[in-house]
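Hi,

Here is the structure I promised to pass along. Please open it next to this email, and my notes follow below.

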Amino acid sequence: MDRMEQLKSTDRLKQMCADFVQNSLIDSSLYNKFGVKRGLRNSDGSGVVAGITNVCCVHGYVLSEGDKQPIDGELIYRGYNVRDLVGGALGDDRYGYEEVAYLLLFGVLPNERELTSFSRLIAEYRELPRYFSEDVIMRNPSPNIMNKMQQAVLTLYSYDSDPEDKSVESEMMKAISVISKLPAIMVASYQTMRRFYYNDTMVMHQINKEESLAESILSTLRDDRAYTPEEAKLLDVCLMLHAEHGGGNNSTFTCRTVSSSGTDAYSAYSAAIGSLKGPRHGGANIKVMEMLEHVKAGVKDWDNDGEVREFLRKLLRREAGDKSGLIYGMGHAVYTLSDPRAVILKSNAMKLAEGTEFEAEFRLLDSIERLTPEVFAEERGDIKNICANVDMYSGLVYKMLKIPVEMYTALFACARMAGWCAHRMEEMINGKRIIRPAYKAINLNKEYIPLSDR
Ligand code: COA
């Protein structure tokens, strides 16, 4: 047994951890006393303004005489409402993610010629460097795709002939390259995981450069490469809706914070992936589907509001589900009455679910969305608006697209890479100052005791 194993098997570790907790716990009243904006939030829950951006606007309430007035949410990419961007692509019966990526990166909508050439560029860069899958992904597999993606993005540094070149031109090329490659990294990580952790067969298809990014994901993921245009267009809508969400969300702020130190692009993008992995952020789409399984098992009649309500109460009381006290897929830091992404996804999910085996699950999610606000108000005595967020229906859409649950957050990362890139470059040309907030220290001065006297 090595020393680490020995430590694990004794009470010494428990004692050391108890010491850590005792010496680290902070009395929550001190946050008020010192005026600390916990979680970088104001007392009304709104975010502390930490920067200015041209990239995106997330609008969830209006302030009237200092009061937060709830409104239906709006999501605006570079001045254009995401509803119009999705509607435009669907109306023309074409893929829209590449257009959104172009808009986020360059700040303008592309004309037809620009869009075609940009889409070709994205497809061209999709191929991973020679032996990258073998050396970086398969040689050292991970049971978590987000973890593998984070490692792989960081490793792209070694494959870049000038990784520290931070000119706008070089940063733009790195951005396009990472946006293009991340889906291939995701699928290779999943296929490797299938073989190493599930004793299943790993299928590594060649990349087809004629496909859109959404099509490419489905065709490399599925053993038979088959997909319908409806399936690929629905995935494309998901990617468009997840592409960007302002500067304050945890992963984008992470990306901007890391970038503000002047470090390289790969460090910033891999850190953002690490942040998105968390269950309070991108990881929530997996948690919604886990929660749905708990609700399905704990509620006999899924159409009975009373039964669903009681189960939601148990979730909030930490008596059911993962005992976190959270109802996943509900609540948002900015949106109050509605999350526009959830509204668009819900209507698409409904169309796909109608008349299929998934219709009952869709209705159950709809009941959770409808009943949570009143149960939340009863249980927490809090009348704040709590609406369904994007993750409430994205998991079900992915399930209907036969996408494995382990890939849900990874798909979010592929989509959001465009937003992270736009924010990193914006931070670099405007920030000019390292992001460095302060922490109030409360430890008292202690007299040093020589080792021999302890
Ligand atoms: N279930 C249970 N409690 C919730 C909740 C939910 N879905 N959403 C918010 N709350 C609680 C918060 O935990 C917080 O409680 P506290 O004061 O005891 O700490 C309180 O309501 C106020 O939260 P608020 O300020 O409105 O939200 P937030 O900005 O702190 O959190 C989320 C936003 C998204 C992290 C939160 O709503 C959440 O954890 N939702 C579930 C996870 C999820 O779906 N995430 C996906 C986000 S797109």
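Let's start with a place to look: in which loop does Phe358 lie? Phe358 is in the loop between helix H16 (340-353) and helix H17 (359-380), where helices (H or I, at least four residues) and strands (E, at least two) are DSSP runs numbered from the N terminus.

Before going further, a word on how to read the numbers. This is a predicted model, in which local features need pLDDT of at least 70 and side-chain atom pairs count only at pLDDT 80 or more, while totals for chains, interfaces and linings use all residues. Residues are numbered from 1 along each chain as its sequence is written, and side-chain values use heavy atoms, with hydrogens and water left out.

Back to Phe358. Is Phe358 buried or exposed? Its relative accessibility is 16%, so Phe358 counts as buried (buried means under 20% relative accessible area, exposed over 50%, partly exposed in between, with a 1.4 Å probe and protein chains only). Leaving aside residues up to four places away in sequence, Phe358 touches Ala353, Leu396, Lys399 and Met400; contact here means heavy atoms within 4.5 Å.

Now the whole chain. There are 19 helices and three strands. A compact globule of 454 residues would have a radius of gyration near 22 Å, and the 23 Å of this chain agrees with that; the radius is taken over C-alpha atoms, and the globule rule is 2.2 Å times the number of residues to the power 0.38. Along its principal axes the C-alpha trace spans about 75 × 60 × 55 Å. Of the 454 residues, 46% are buried. Among contacts with a separation of 6 or more, 72% join residues 24 or more positions apart.

The chain is divided into domain 1 (74-279 + 404-430) and domain 2 (284-400), with bounds from an automatic or database domain assignment. Their C-alpha centres lie 28 Å apart. Where they meet, 20 residues of domain 1 are in contact with 20 residues of domain 2.

A few other residues may interest you:

- Val55 sits in the loop between helix H3 (29-33) and strand S1 (56-64). It has 0% relative accessibility and so counts as buried. Not counting residues up to four places away in sequence, Val55 touches a set of residues including Ile76, Tyr77, Arg78 and Leu104.
- Arg78, one of the residues that Val55 touches, has a positive phi of about 50° although it is not a glycine. Arg78 is found in the loop between strand S2 (67-77) and strand S3 (80-81).
- Pro70 is in strand S2 and is partly exposed, with a relative accessible area of 35%. Apart from residues up to four places away in sequence, Pro70 touches Gly60, Tyr61, Thr336, Leu337 and Asn385.
- Arg225 lies in the loop between helix H10 (213-221) and helix H11 (229-242), and it is partly exposed at 25% relative accessible area.
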